[in-house]
Amino acid sequence: MTNRRNHLIRLHSLSVAPLATAIIAVALGAGAQAQEQKPPDPSDVAEGLRLFEQKGNCQSCHGWAGDGRKTDSQMPDGANLRDTKLNRAGLVMTIKCGRLNSQMPAFDKFAYTDRRCYGKTQADLKSYATRMPDPPATLQAREIELITDFLMAKVVGQGPMDHAKCVAFWGSEADTCKDLSK
């Protein structure tokens, strides 16, 4: 019995060691990435806003403030991005690949051609009840990063829109802000 017990203890320690090493490596890597992540340049945030509004036409589903209050009644309801739990990488992936079985389109032109998104191809998408629509335009990787910079700086985690946030969002007193409580 003691030999078997000693053998099991050795096996357990061998299987736990790589797992512990992997966890430590991921934690250290995440810490290093967090330190390297600098605040985006204001011009990048402004370009991200432009892409959000114009090329991506994101406000038609997510609302001008990203709060899910869409601006086009013909478009599907978009998520409230002000309350999202997605981190930066999750936002990039969602913009790039869309959301399976939903109305969120994939903005990467090649999203489902080579299994880069969720390991799926265009043929796999046919099995979902809800068809992912085509985006109004496709976005380059850099454009997706810029929209994400904008969202992280001005939308995600900012809570409900009010007058002060509206002015900060637009950078000045906009007509849209006048109707919001101070």
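## Terms and basis

A residue counts as buried when its relative accessible area is under 20%, as exposed when that area is over 50%, and as partly exposed in between (1.4 Å probe, protein chains only). Cys-58 is buried by this rule, with a relative accessible area of 14%.

This is a predicted model, in which local features need pLDDT of at least 70, side-chain atom pairs count only at pLDDT 80 or more, and totals for chains, interfaces and linings use all residues. Residues are numbered from 1 along each chain as its sequence is written, and side-chain values use heavy atoms, with hydrogens and water left out.

## Confidence

The predictor's confidence in each residue is given as pLDDT, from 0 to 100. The mean for the protein chain is 82, and 80% of its residues reach 70 or more. Confidence is lowest in helix H1 (residues 2–36), with a mean of 47, and highest in H4, with 97.

Over residues 7–28 the pLDDT is below 50, and this stretch has zero contacts in the model beyond near neighbours in sequence. Residues 30–35 also stay under 50, and for them the model has zero contacts beyond four places in sequence. A contact here means heavy atoms within 4.5 Å.

## Overall architecture

The protein chain has eight helices and zero strands, and its pattern along the sequence is α-α-α-α-α-α-α-α. Helices (H or I, at least four residues) and strands (E, at least two) are DSSP runs, numbered from the N terminus.

Of the 182 residues, 32% count as buried. The chain exposes about 11700 Å², of which carbon and sulfur atoms supply 55%. Accessible areas come from the Shrake-Rupley method with a 1.4 Å probe, and for residues only the protein chains shown count as cover. Among contacts between residues at least 6 apart in sequence, 51% join residues at least 24 apart.

## Nonpolar cores

In soluble globular proteins, nonpolar side chains tend to be buried together. A nonpolar core is taken as a set of buried Ala, Val, Leu, Ile, Met, Phe, Trp, Tyr and Cys residues joined through side-chain atoms within 4.5 Å. The largest core has 25 residues, and Phe-52, Ile-95, Ile-147, Phe-150 and Leu-151 touch the most other members. H2, helix H4 (88–97), H6 and helix H7 (163–170) each supply at least two residues of this core. H6 gives the most to it, with five residues.

Leaving aside neighbours within four places in sequence, Leu-151 is in contact with Phe-52, Leu-81, Leu-91, Ile-95 and Val-156. A second, separate core has seven residues, including Cys-97, Ala-106, Ala-111 and Leu-125.

## The aromatic pair

Rings of Phe, Tyr and Trp (its six-membered ring) pair if their centres lie within 6.5 Å; planes under 30 degrees apart count as stacked, over 60 as edge-to-face and the rest as tilted. The count comes to one aromatic pair. Phe-52 and Phe-150 form this tilted pair, with 5.3 Å from centre to centre and 55 degrees between the planes. Phe-52 lies in helix H2 (residues 42–53) and Phe-150 in helix H6 (residues 141–154), so the pair ties together parts that are 98 residues apart in sequence. Both Phe-52 and Phe-150 are buried.

## Disulfides

A disulfide is assigned to a pair of cysteine sulfur atoms within 2.5 Å.

Cys-97 is in helix H4 and Cys-117 in the loop between H4 and helix H5 (122–125), 20 residues apart, so the pair links distant parts of the chain. The torsion about the S-S bond is about -70 degrees, so this disulfide is left-handed. Cys-97 and Cys-117 are both buried.The other disulfide joins Cys-166 to Cys-177, also with 2.0 Å from S to S. Cys-166 lies in helix H7 and Cys-177 in helix H8 (residues 175–178), so the pair ties together parts that are 11 residues apart in sequence. With -80 degrees about the S-S bond, this link is left-handed. Cys-166 and Cys-177 are both buried.

Cys-61 is in no disulfide. Cys-61 is buried, with a relative accessible area of 15%.
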